[in-house]
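Please open the structure in the viewer and keep the selection tool at hand.

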Number of protein chains: 2
Amino acid sequence: MINPEAKNPNLEKLDTDYLYHLGLDTSMDLKSVFKDVKYVCMGGSADRSENFAEKVAEQLNIPLPGGKAEPIGKTERFSLYKVGPVISINHGMGMPSLSILLHEIAKLLEYAGCSDVRFIRIGTSGGLGVEPGTVVIADEALNEKLEPKHVKTVLGKDREYPTTLDERLSNEIMESRGDINAVLGKTVGTNDFYEGQARLDGALDPGYTEEEKMEYITKAYELGARNFEMEAPEFAAFCLRAGIPAAIVCCALLNRLNGDQVTSTVEQLAQYSDNAQQIIINYLKRKLYKQK
Amino acid sequence: MINPEAKNPNLEKLDTDYLYHLGLDTSMDLKSVFKDVKYVCMGGSADRSENFAEKVAEQLNIPLPGGKAEPIGKTERFSLYKVGPVISINHGMGMPSLSILLHEIAKLLEYAGCSDVRFIRIGTSGGLGVEPGTVVIADEALNEKLEPKHVKTVLGKDREYPTTLDERLSNEIMESRGDINAVLGKTVGTNDFYEGQARLDGALDPGYTEEEKMEYITKAYELGARNFEMEAPEFAAFCLRAGIPAAIVCCALLNRLNGDQVTSTVEQLAQYSDNAQQIIINYLKRKLYKQK
């Protein structure tokens, strides 16, 4: 699962490893439950993860025990669903929450003896020069300074990690788009939804003008960015470091070149979110039927 | 609600403001529902927010419509409960998720015409030199470089904000501790649970030794820090900027000077979490009975 050179040698010293936020630990028989996992699909909300698990079961014709998706482990922080070789799980909002999940799910699948696993983030985002409903498949993650790197502070010092994504996986997902409007482009991940994405509609005086805002988001667009979200650099950097092929596939809920507010109806938003999920289901169908 | 000098003048241009992550907007009658709010109590998980709302109702003898806590707005991202003058809501994990909530709840209460509102974060944390179950009431937030400031990147440039908390509020909460073990101290908020808090049990080789880890957390302890969590600098900086008195009250789930793993039983963890909630309920009893 994890690239041998990147594995944490300290874990060998633990009698039991408590994956605290998942509510699972190594005293359980993780192998028999998780050994066949090949795809981990993650998104922000628990509702969407449950919904995606049920769609995967239905469209890939994988029977669910008890007829419905049931979470494994605790659900206070994350809700983990398993449908055959696919895990569907939510990571909350933002890179710190995502980072907790990445560490614990990578350890889980390593302990379970999995191999050739791919991580796919299916999310929502603010589009840049693309219409609402368009799916953006990231070919690279940029940080909020619009650089292709992720900066983490460890023991009080900054460390920089590259944020390249898996080109082959992204292209295969792009080829699975069917009738859905999709583009390849860079994805900017920020630590703040309002001022971090140059919105003018936060609670407090942002201290910048409409012109300064447009200058920043136009610069992002010119660098090839097609959407803003809040997870891409951490996701790309972690997976690259671990040696796990990874892709980021987000629907655009609005076009940020036209405004800041998400004003679509509940039905429209559900359709936009469906678009990103459906491309991944198309991709999974191609890969899983092919393997048989 | 918000300090007049800090208010966002751009909001006046919006016909309707969609508080997207709350599922509420200004076309609704926010005043009649929220105008009496005086305390916003927030924690990481939706389960704990519901549980806290029910405890407030019971112990402060505030009747709930329908006999149980029902969320207001959508629950995909955050779950908002209102019990008389108290809002109980979850903010997810990490500063980016918290930041979304702070912007939207501050706008909500501003639109509702609230005044003299206090924000209190009730969380879980890793203790520093305190035993599991101890409640740490923060007198200042430190960032992961152990500095009393919060750095945010806006339009690609770093901005620094101070992270002082409300001394009077913190002291009043400390005086409400009753029999519960509580200390005043600094709280370190990081962007990562594993390597950001110098743990040795993440998925990947952290690239530092046990000695380097202990040097970092001992330095934090010597600077007066008594716990690590993932929200304090954003929470303190936002509230200070907005002019909202704020406090951070977290139970310690373990003592990081002794290890990295959370190994307590489910029952012990529930008791630790109760300790922080109970101190705030004691505080609310003092304040709300006194006002009558």
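This is a predicted model: local features need pLDDT of at least 70, side-chain atom pairs count only at pLDDT 80 or more; totals for chains, interfaces and linings use all residues.

**A residue and its surroundings**

Leaving aside residues up to four places away in sequence, B:Ile217 touches B:Leu128, B:Ala198, B:Arg256 and B:Leu257. Select these together with B:Ile217 to display the contacts.

Next, highlight helix H5 of chain B, where B:Ile217 is placed. Is B:Ile217 buried or exposed? B:Ile217 counts as buried because 21 C-beta neighbours lie inside 10 Å, and the cut-off for that class is 20 or more.

Then select B:Leu128 alongside B:Ile217. The two residues are 89 residues apart in sequence, yet their C-alpha atoms are 7.8 Å apart in space.

**The contact between the chains**

Now display chain A and chain B together. A rotation of 180° superposes chain B on chain A, with 0.0 Å of shift along the axis and an RMSD of 0.0 Å. The two copies are therefore related as by a two-fold rotation axis. The same surface serves both copies, since 100% of the contact residues of chain B recur in chain A.

How many residues does the contact take from each chain? It takes 57 residues from chain B and 57 residues from chain A. On the side of chain B that touches chain A, select helix H3 (95-111), strand E8 (149-154), helix H5 (210-222) and helix H6 (232-242), the elements that give two or more residues. H3(B) gives the most to this side, with 8 residues.

How values were computed:
Residues are numbered from 1 along each chain as its sequence is written. Chains are lettered from A and ligands numbered from 1 in the order in which they are written. Copies are superposed by least squares on the C-alpha atoms of residues with pLDDT of at least 70 in both. Two residues are in contact if their C-beta atoms, placed from the backbone, lie within 7 Å. Helices (H or I, at least four residues) and strands (E, at least two) are DSSP runs, numbered from the N terminus. A residue is buried if 20 or more other C-beta atoms lie within 10 Å of its own, exposed if 12 or fewer, and partly exposed in between; C-beta atoms are placed from the backbone.
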